[in-house]
Amino acid sequence: MRWLAWVASSLVVVAMLSGAPARADDGYDLWLRQGDTPAPDIAAVRAGRVSAPVATPTQRAARDELIRGLVGASGPDAPSAVPDAGDGALLVGTPASSPDIAALGLDLDGLGDEGYLIRSVTVAGRPVTVIAAAHDVGTLYGTFAFLRLLRTGQPLDALNLREAPRLQRRVLNHWDDLDRHVERGYAGQSIWDWHRLPGWVDPRYTDYARANASIGINGTVLNNVNANAQILTPMYLDKVRVLADTFRPWGIRVYLSARFSAPMEIGGLPTADPLDAAVQAWWRGKADEIYARIPDFGGFLVKANSEGQPGPQDYGRSHADGANMLADALAPHDGIVMWRAFVYSDEEPVDRAKQAYNEFVPHDGQFRDNVLVQVKNGAIDFQPREPFHPLFGAMPGTPLMMEFQITKEYLGFATHLAFKGPLYEEVLRADTQVRGEGSTVARVLDGSLYDDESGGRRLTGIAGVANIGTDRNWSGSHFDQANWYAYGRLAWNPDLSSRDIAEEWTRMTFGNDAGLVTPVVDMMMVSREAVVDYTGALGLHHLMGRGHHYGPGPWVDGGPRADWTSVYFHRATAEGIGFDRTRGGSDAVSQYAPPVADLFDDVERTPEAFLLWFHHVSWDRPTASGRTVWDELVHRYDRGVATVRGMRATWEGLAERVDPARHAQVAAFLAIQEQEAQWWRDASIAYFQSISQRPLAAGVEPPPQPLSYYRSLAFPYAPGDTQ
Ligand code: BDP
């Protein structure tokens, strides 16, 4: 145990050496970087006798990770550095994999398949740290948790942790096309090198799996929800198999987005009607074909009858008919269906925010047990702020899965620093009140709200639309790594605080220097609100450029669909602004449980953050600050820009504490963000002033250009657009 104490005390020393910049770093190692963690030499580790079995690929993964984390060594040297058994100071395993663990008689009940415990115990008079689980993957998660404690400078001498994930399926959704374009991706191309698979297995796939396993992600949907049926052909399934084999030791299963019309496109059938016997047989055969290659294949994600995608409604069938047909094909193999609820139609005159609820609630209780309905966090589309989706709590008979977006389609792409932890936290903690106070979205997701009926046997899950690409730093910017990290940590435990997560991530990513950690975390914690402010506060939404969603476009109107315009959402006139979703308006409020509906229906009580989401109000209406709605909106635009300016200054002040490469890129991106925040502010004020005809308050700078200038800007090659 001495070396552990040595590691811990050395960390403290390093933490005190503030001012010493970390070594140059391109961000590839993410939060798993060795960084400044001092590495005890291998002899010291050998003397400490680490005991971790290596009989299975997952055991080996955990052991290798431990070695990598403790001595910075990997590859051929690592295995010989550690004895395979013995009464080590660090004892890792399951009762089945390690007689030493079995001998301890630990209480592993309730840890499930993936949980672990980490405990400081005394064995034969010697201090021992135990990482134990009922199954191998639990020891892997426990190992990463132990390394997290080490890297974040936590004391390691009196550990007593017991952790199990609250949600079963913790999945990334890649919106990756087979030609390597990533829809809404701002980090280069798709990391799936389909053309060279299965022959070439990029080592990056293993690093991808390690990173995900380190935060508890246990599934990945490889292809875009706007799916290409080709992924289900034997040629592609052979490629998918290799990825599944690569990820398996890390506890990660693969899933695929299935195009509903695949039986026609690649199966030669005349229909994809879910009630057609030949269609059902085709999907059963397809499932058998997949499972023959990938025995632990997770299942299908489906976007159906949404934004032009095919689906059961093309044949007069329901979402439940479509989902159940696929669920029946997968059930013999224990596969699941994640059926998306992101549906709306412009032929439907009803408020877009209401449509998913209207389409899905009538089917509550009709889905098979192996179906999860996957619901975006809000009813419109991943806006910088939305109230929680009214479907949460409204389908007690159907397991619902959260869909968050990690990639920043609406929050400035990869160049804007916006930590989404607070956004996720806000939604997870939102109280649906469907079963009284405390009926949070998190409890809908983890099923605990329904334990009385299900006895805890409900399927549970969460999905995050990935921000990963071929960029060396994976996410397009160093700080966007934090959004991937925060998603994973909250998927494991939706009750974690986003501030704690930000701190953890900062320590592992930039080091434990207190002079760095506090300002960086503070900056991260205000960053999302800054985006809300400079893109449109007080509940405004969907005001971005058409198609690519880059930059401001509050003037967007016309085009193919009214519900793809900005004017549809802000409804500004000379008198006022906002979407009336009250009982007297579109009545979207009534999709919430009565206490929440009453709150949102009442313009006096609606939280100001959602004022214009639910109400159409006069520009002259006073807000909490005493300013009118018009002046408050302008104030928030300015506040957003000012916050970004402050973030830049904070970062400049950290130049001595961050390695030059990462510092320079973040600094350059913050400069871009400040310019673009200013652009959002100027363009939005120019536009809304042309409608409100209200003067700017004293001291407020008028936009430097006329509205026509902002409207004339075009970005035909902005990244990530649909294709
Ligand atoms: C929107 C994106 C679009 C996606 C769609 C979806 O703009 O690219 O295909 O959501 O989630 O946010 O299906």
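This is a predicted model: local features need pLDDT of at least 70, side-chain atom pairs count only at pLDDT 80 or more; totals for chains, interfaces and linings use all residues.
R489 is found in helix 16, which spans residues 481-492. R489 has a relative accessible area of 9%, and because buried means under 20% relative accessible area, R489 is counted as buried. Leaving aside the neighbours within four places in sequence, R489 is in contact with R148, I215, L496, I501 and E504.

Is H416 buried or exposed? The relative accessibility of H416 is 2%, and therefore H416 counts as buried. When residues up to four places away in sequence are not counted, H416 touches K408, L411, D480, Y534, Q673 and E676. Among these partners, Q673 and E676 carry numbers in the chain that the reader may locate in the sequence above.

With a relative accessibility of 1%, A304 counts as buried. What does A304 touch, not counting residues up to four places away in sequence? The contacts of A304 are Q309, P310, G311, P312, H319, W339 and V343.

Attention may now turn to the ligand. The ligand is surrounded by 15 residues, of which the closest are E183, K303, R340, D381 and E409. By class, the shell around the ligand has 8 charged, 4 nonpolar and 3 polar residues. Several of the closest residues can be examined at the level of atoms. For E183, a polar side-chain atom lies 2.4 Å from an oxygen atom of the ligand. For D381, the distance from a polar side-chain atom to an oxygen atom of the ligand is 2.5 Å. A polar side-chain atom of E409 likewise lies 2.5 Å from an oxygen atom of the ligand. How much of the ligand does the protein bury? Taken alone, the ligand exposes 320 Å², and the protein buries 97% of that area.

Conventions: Residues are numbered from 1 along each chain as its sequence is written. Side-chain values use heavy atoms; hydrogens and water are left out. Buried means under 20% relative accessible area, exposed over 50%, partly exposed in between (1.4 Å probe, protein chains only). Contact means heavy atoms within 4.5 Å. A residue is near a molecule or strand if one of its heavy atoms lies within 4 Å of it. A polar contact is a pair of N or O atoms within 3.5 Å; within protein, one must be able to donate a hydrogen and the other to accept it, and residues adjacent in sequence count only if both atoms are side-chain atoms. Accessible areas come from the Shrake-Rupley method with a 1.4 Å probe; for residues, only the protein chains shown count as cover. Ala, Val, Leu, Ile, Met, Phe, Trp, Tyr, Cys and Pro count as nonpolar, Asp, Glu, Lys and Arg as charged, and the others, Gly among them, as polar. Helices (H or I, at least four residues) and strands (E, at least two) are DSSP runs, numbered from the N terminus.
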